[in-house]
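Here is a model to read closely.

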Amino acid sequence: MGRGSNKKRKHAQYAQDGPNGDSNIGVGATIAHLRGELTADQRSDEHKPDSEEWTTVGRGGKKQKKTNYPSLGYSDMHKLHTSVNINHLQALVLYCLADATSPQFVSVRHHGMVKKAVVLLVPGLEKGMFDGSIQIDPPKETSVKSSAPYNGANGSVVSSRESEKAVATELEANGYNIKPPPKSPDEYLPTPLSPEKLPKPLKPLADIFSHLWPVKAPGDEKYGKVHSPLHAMLNSAITKTHEEKQEDKQIKGPKPAREGKNWANKRTLITKFLSSAEELEENDYILHPASFTTLAEKEVGIQRRTKNKQTTDDGWLDTVVDRLEDGVAKDEDIEKGSVTDGRSILAIDCEMCIVEGGEMALTRISLVEWDGNVLLDEFVKPDKPIIDYLTPYSGITPTKLENVTTNLKDIQDRLLKEITPKHILIGHSLNSDLMALRLTHPFIIDTSMLYPHPRGPPMKSSLKWLAQKYLGREIQKGHGTQGHDSVEDARACLDLVQIKCERGPQWGTSEATVESIFKRLKRTPRAGSLNNASNEGKTGAIVDQGAPERNFGSMATYCIGCPDDAGVVAGVKRAVLGDEDGSYIPGGGVDFTWARFQELAAFCGWWNDNRRAVSDHTPQDSHLISTDYVSTALAEAVTKTVNRIQAVRDFLPPCTLLVVYSGTGDPRELARLQEMQRTFKREYAVKKWDELSVKWTDTEDQALKMACRKAREGLGFVTIT
């Protein structure tokens with residue numbers, strides 16, 4: 001009894017360490033407490049530096065001498081049985097700022113005293129940079145120069161990755177299983193950051209953070225998919241009721257969209273859903289000249305199209321739009337109460353086949369107007385001989401094209417007369433249709449972008465799935481020679497846009513199963529608010545290049561668009577501290593800020609940044625450059641990014657949680673294999689094995705899984721200032 005009473009008294013005393021007697025401590029802290037161990041803060045308070053059971057994972061250089069100052073820690077005695085993922089980082093943020101339960105990978109002492117949180121997504125940072133497998137230190141002077149392949153504008157040496165791939169291929173060829181052995185719990189624990197052991201460009205991080213955490217990106221290795229690190233951080237799960245779970249079990253296929261208990265339709269003008277130039281570019285659209293805002297950008301676009309043979313000399317056409325402003329309707333032309341905002345709407349769907357040379361060519365085009373009227377529905381005879389009609393998909397047969405004389409030029413001339421600056425084109429993955437039409441237009445609404453995939457980009461939902469879920473309609477049921485119906489598909493796209501305009505921007509997002517982290521924070525009252533008033537909830541900001549107010553930023557209290565990473569640093573400062581004059585963000589700033597640095601990933605070639613014609617660090621006359629040059633360029637890029645992280649850390653006020661995560665590992669090999677798999681599936685459905693341009697066997701399948709595993713290996717850092 002005495003021993004039990006003593007334990008209760010100790011627990012009660014320990015629980016009082018949190019604000020207002022909060023006992024929501026992490027699992028690591030609980031284990032350490034039961035063993036009589038102390039956290040780093042407790043050792044400091046009781047002047048017992050000889051105990052080393054607990055490790056502080058946040059340096060907190062601005063830490064003040066307070067007994068209730070927040071801090072992070074973990075115990076070596078607490079062995080994790082799974083890797084930390086991005087959802088765990090999100091839980092840490094919401095535990096400090098909102099109503100989430102305590103995270104299990106760290107303990108948070110005095111979490112209620114955390115005033116703000118800043119989360120930085122920094123793709124391009126890799127674990128190999130810290131363990132030495134990726135060389136980023138500036139090279140030492142030497143008379144020996146070696147050469148290495150240079151991947152466009154990425155500035156990274158790929159020889160080590162090619163070597164790793166070659167070894168894996170050899171193992172597979174000899175029948176070995178390339179799956180990694182099971183990890184021990186120690187491999188999930190963080191790595192201490194020691195300035196002496198870090199490359200020079202990374203040394204400043206050791207002054208900010210004490211540990212590097214391995215953070216696994218969301219994904220599905222079975223199917224070779226990596227899911228969005230933005231989605232994982234900025235959306236949190238909503239718990240379904242028992243009745244909703246039982247109802248979902250009885251439904252086959254896509255579950256019907258739910259309006260939710262508090263859903264309210266928000267009629268929205270169609271022009272609010274127009275894709276920006278950045279979004280079109282990211283989704284492989286060829287930009288119309290009017291989409292460029294500066295002469296320099298326009299010149300870059302012309303050079304790119306000339307290089308890719310996409311100019312008028314190559315058979316391409318641009319609709320007659322001189323300026324984006326030409327599409328804006330006059331007030332007298334806008335019908336009262338109409339969601340079209342005075343614009344003309346055309347839904348487009350095309351069917352294609354494969355012609356000589358392996359190109360996709362137009363064989364049918366359908367145009368449907370806003371009122372459902374079919375404006376155009378014609379078969380088209382390709383200029384080159386057809387080698388594959390793709391009948392199971394297109395529905396096109398030799399008989400249907402037997403007497404057709406209409407060619408692509410005829411269709412282009414017709415479209416050039418029909419499409420005016422007032423027209424908005426609607427379609428599903430419309431970039432493929434416009435590629436077949438060899439046409440560009442600046443005003444686009446793509447339903448594959450308008451209705452984001454539940455797991456986030458780059459994944460996209462099929463039109464068939466969207467129609468069943470949001471329209472309750474079965475489409476594309478044709479089999480054999482029937483294929484798809486382009487008129488049916490165009491009408492489905494049109495109806496999806498119309499219901500979006502009637503229901504509002506949040507319709508068709510993941511609001512039924514998840515909610516924005518910004519929305520969740522708004523439900524959390526700020527300190528000192530009365531009666532939990534909704535207008536006194538915690539605020540959030542998103543800072544990113546381009547137009548962050550779209551997609552994930554739609555629920556943020558404030559959105560700050562930036563031209564580059566330097567602008568992102570300035571934007572984070574505005575969000576955290578507020579504008580001096582309170583012109584946009586009131587004094588004191590917001591409670592939660594999410595921002596992204598993109599220049600390091602663009603430098604490393606993780607994605608194609610077509611807005612940069614030639615990077616400043618890219619030699620223009622050579623594909624083979626010295627490894628010394630590559631190491632120097634990469635070191636400079638890493639140094640810039642690390643300095644920007646340090647700049648953010650320097651202006652953060654006390655009691656601010658700072659989280660930095662890379663999102664994913666290098667995705668390039670995964671992207672290559674995914675494209676190879678898509679090509680195989682497309683050809684395998686209509687060709688014989690010997691006629692396939694690529695083969696997909698168990699070897700490639702294992703390589704895809706390995707690449708997915710590598711791409712999911714991210715990293716993260718956490719601290720409290």
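Q: Why does Phe130 count as buried in this predicted model?
A: Its relative accessibility is 12%. Buried means under 20%, so Phe130 counts as buried.

Q: What makes Phe717 count as buried?
A: Phe717 has 1% relative accessibility. The limit is under 20%, so Phe717 counts as buried.

Q: How many aromatic pairs does the structure hold?
A: There are eight. One of them is Phe130 with Phe717, whose ring centres are 5.8 Å apart.

Q: Why is the pair of Phe130 and Phe717 called tilted?
A: Centres within 6.5 Å make a pair, and these lie 5.8 Å apart. Stacked needs planes under 30 degrees apart, edge-to-face over 60. The planes here are at 50 degrees, so the pair is tilted.

Q: Which parts of the chain does this pair link?
A: Distant ones. Phe130 is in helix α5 (residues 127-131) and Phe717 in strand β26 (residues 713-720). The two are 587 residues apart. Together with Phe209, Phe130 and Phe717 form one aromatic cluster.

Q: What makes the pair of Tyr470 and Trp507 edge-to-face?
A: The planes are 70 degrees apart, and the label applies over 60. The centre-to-centre distance is 6.0 Å, against a limit of 6.5 Å. Tyr470 and Trp507 are both buried.

Q: Why does the pair of Tyr470 and Trp507 tie together parts of the sequence?
A: Tyr470 belongs to helix α17 (residues 463-471), while Trp507 is in the loop between α18 (486-503) and β20 (514-516), so the pair joins parts 37 residues apart in sequence.

Q: Which charged residues lie over the rings of Tyr470 and Trp507?
A: For Tyr470 it is Lys469, with its charged end 5.8 Å from the ring centre. For Trp507 it is Arg503, at 4.4 Å from the ring centre. The distance cut-off is within 6 Å.

Q: Why is strand β13 described as largely enclosed?
A: Of the 12 residues in β13 (residues 344-355), 11 are buried, so the strand is largely enclosed by the rest of the structure.

Q: How do you know that β13 pairs with β17, and in which sense?
A: Pairing needs at least two bridges. Between β13 and β17 (residues 423-427) there are four, in the parallel sense. Ile345 has Ile424 in β17 as its bridge partner.

Q: In which sense does β13 pair with β14, and over how many bridges?
A: The sense is antiparallel, over nine bridges. Cys350 has Ile365 of β14 as its bridge partner. These strands form a hairpin with four residues between them. In the turn, Gly357 has a positive phi of about 100 degrees.

Q: What makes β13 and β16 count as paired?
A: Two bridges join β13 to β16 (residues 386-388), running antiparallel. That meets the requirement of at least two. Val355 is bridged to Ile386 in β16.

Q: Why is His111 called buried?
A: Its relative accessibility is 9%. The cut-off is under 20%, so His111 counts as buried. His111 lies in the loop between β4 (107-109) and β5 (116-121).

Q: What makes the link between His111 and Tyr95 a polar contact?
A: Their side chains are joined at 3.2 Å. The limit is within 3.5 Å.

Conventions. Residues numbered from 1 in each chain as written. Predicted model: local features only at pLDDT ≥ 70, side-chain atom pairs only at ≥ 80, totals over all residues. Heavy atoms only, no water. Buried < 20%, exposed > 50% of the residue type's maximum accessible area, 1.4 Å probe, protein only. Lys NZ or Arg CZ within 6 Å of the ring centre and 35° of its normal. Polar contact = N/O pair within 3.5 Å; in protein donor to acceptor, adjacent residues only side chain to side chain.
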